[in-house]
Amino acid sequence: MTALFHFLFVIIKSYLLALIYTPIVWLLWVLILKVRKKYTGFKWSGIWRVYTIVGLLLIMFSFTYYGNHGLGDDSRIPLGHGEAIEQGDQFTYFTPKGTNKQVHVKAFVLKGDNLCMAVDSGYKVYNLKTKGVVNFSEGQMYDAFAFSYGLPLSLQLQSFNSQYDNYWNGWRFWLLP
């Protein structure tokens, strides 16, 4: 049920954002037509068509890799290279691409192509580009590895909620559906 309400919110927010983007797109379209000498004059039906198209494009964007932040109780942060870390029912998990195995994540930080995670069995460093994993059973072993490779130390790992707020707030909150 929360997913349905969130979906309706996405639709409403997309069309409200379309009210802002439509004049910009319309002016650019008119300039292009004037340069090509094909401008036929102002018509409200043209603006309505642009508004509808911009709204639909914003809704479609909200379901792409970079626009999808989850619906309802599910939350999602894109990491790059087609990977994402997700949270559902307050449990954070990472599912490496090409596998069905979910890794329960307590805290994490993304540094370059390396996803550093505190997991149930210790610590993991997952390289998003090479899909390689380095496992550590103790924090001291992880910290030594992290220090030598310039990765965040175990105390610098952050919760999903704080990283979700950092990623999706700001300009993404105001300018994207």
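Predicted model: local features only at pLDDT ≥ 70, side-chain atom pairs only at ≥ 80, totals over all residues.
Phe7 is partly exposed, with a relative accessible area of 29%; partly exposed means between the buried class (under 20% relative accessible area) and the exposed class (over 50%), using a 1.4 Å probe and protein chains only. Residues are numbered from 1 along each chain as its sequence is written, and side-chain values use heavy atoms, with hydrogens and water left out.

Phe7 belongs to helix α1. Setting aside residues up to four places away in sequence, Phe7 touches Phe63 and Leu71, where contact means heavy atoms within 4.5 Å. Thr40 sits 33 residues from Phe7 along the chain, and 38 Å separates their C-alpha atoms.

**The overall picture**

The protein has five helices and seven strands. Helices (H or I, at least four residues) and strands (E, at least two) are DSSP runs, numbered from the N terminus. Reading from that end, the order is α-α-β-β-β-β-β-β-β-α-α-α.

How does the radius of gyration compare with that of a compact globule of 177 residues? The protein has 22 Å, while such a globule would be near 16 Å; the radius is taken over C-alpha atoms, and the globule rule is 2.2 Å times the number of residues to the power 0.38. The C-alpha trace spans about 70 × 40 × 30 Å along its principal axes.

Of the 177 residues, 38% count as buried. Among contacts with a separation of 6 or more, 46% are between residues 24 or more positions apart. The protein exposes about 11100 Å², with carbon and sulfur atoms supplying 65% of it; these areas come from the Shrake-Rupley method with a 1.4 Å probe.

As for charge, there are 16 positive and 10 negative side chains, and the centres of the two sets lie 23 Å apart. Lys and Arg count as positive and Asp and Glu as negative, with His and the chain ends not counted. Each charge is placed at NZ of Lys, CZ of Arg, CG of Asp or CD of Glu.

**Helix α2 and what follows**

Helix α2 covers residues 44–61, 18 residues in total, and reaches 26 Å from its first C-alpha to its last, close to the 26 Å expected at 1.5 Å a residue. That expected span is 1.5 Å times one less than the number of residues. Buried residues of α2 include Gly46, Ile47, Val50, Tyr51, Val54 and Leu58. The buried residues of this helix pack against α1 (2–35). An α-helix has 3.6 residues a turn, so residues three or four places apart point the same way.

Ser62 lies in the loop between α2 and β1 (75–80). Beyond its neighbours within four places in sequence, Ser62 is in contact with Val10, Gly67, Asn68 and Pro177. Ser75, in strand β1, touches His69, Gly70, Ile85, Glu86, Gln87, Phe160 and Tyr164, not counting residues up to four places away in sequence.

| Residue | Relative accessibility | Class |
|---|---|---|
| Ser62 | 6% | buried |
| Ser75 | 14% | buried |
| Asp89 | 55% | exposed |
| Gln90 | 60% | exposed |

Asp89 is in the loop between β2 (83–88) and β3 (91–94), and Gln90 is found in the loop between β2 and β3. Phi of Asp89 is near 55 degrees, a positive value in a residue other than glycine. For Gln90, also a residue other than glycine, phi is positive and near 65 degrees.
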